[in-house]
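Please look over the model below with me before reading the points that follow.

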Amino acid sequence: MNMTKKKWAKSLVVVSMSLSMMFSGSLMLTPQSAHAATVTASKSASSIIATGKKYLGVRYQFGAKTGHTSSFDCSSFTQYIFRQHGVSIPRSSAQQSKAGKYVPRSQLKPGDLVFFYSPIHHVAVYIGNGKIMHTYGKPGVTISNLNSGWWNSHYTTARRVL
């Protein structure tokens, strides 16, 4: 009887140690995976923003055709530059405002989509340091300050699609 208890106790210790090592190992892997995903999203955002900057000054045209680069409206612009990097988003700003996941304004990262008006009918790409890249009216594709003036007071929400 005493021998059986010792074997059982020894088996319990071995199983406990094995489980402990297994779980601690998986905990060590999780941050690395999260870090890799963050690095990939960051690289994608940089590439998308760089592509968008190539079109600075391209004229704005409401209802511009998808895939054309001679003119853009706000959502054809975001759809186009994201698609160039393998990210598919819907065509209209209202539809894009439902893609991905909600992001609080205080947690914006480059590559996030930001939306304006209620109901939503304008979209821009957050490029960091309080700046957005988008297209509208006379300037066409341009960079604006999100944190002051008109854009600040008409901000509605943001989504992360990367």
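1. The backbone oxygen of Ile89 lies 3.1 Å from a polar atom of the side chain of Gln79, where a polar contact is a pair of N or O atoms within 3.5 Å, one of which, within protein, must be able to donate a hydrogen and the other to accept it, and residues adjacent in sequence count only if both atoms are side-chain atoms. The C-alpha atoms of Gln79 and Ile89 are separated by 5.8 Å, although the two residues are 10 apart along the chain.

2. A word on the basis of these values: this is a predicted model, in which local features need pLDDT of at least 70 and side-chain atom pairs count only at pLDDT 80 or more, while totals for chains, interfaces and linings use all residues. Residues are numbered from 1 along each chain as its sequence is written, and side-chain values use heavy atoms, with hydrogens and water left out.

3. Gln79 lies in helix α2 (helices are DSSP runs of H or I with at least four residues, strands are runs of E with at least two, and both are numbered from the N terminus). With a relative accessible area of 6%, Gln79 is buried, a term that means under 20%, whereas exposed means over 50% and partly exposed lies in between, using a 1.4 Å probe and protein chains only. Not counting residues up to four places away in sequence, Gln79 touches Thr66, Ile89, Pro90, Arg91 and Gln96, contact meaning heavy atoms within 4.5 Å.

4. Gln96, found in helix α3 (residues 93-96), is also buried, with a relative accessible area of 0%. A polar atom of the Gln96 side chain is 2.8 Å from the backbone oxygen of Pro90. Beyond its neighbours within four places in sequence, the contacts of Gln96 include Ser75, Gln79, Leu113 and Arg159.

5. Which residues touch the most other members of the largest nonpolar core? Among its 22 residues they are Phe82 and Leu113, a nonpolar core being a set of buried Ala, Val, Leu, Ile, Met, Phe, Trp, Tyr and Cys residues joined through side-chain atoms within 4.5 Å. The elements that give two or more residues to this core are α1 (2-53), α2 (74-83), β2 (113-116) and β3 (122-128), and the largest share, five residues, comes from α2.

6. For the whole protein, there are four helices and six strands, and buried residues make up 36% of the 162 residues.
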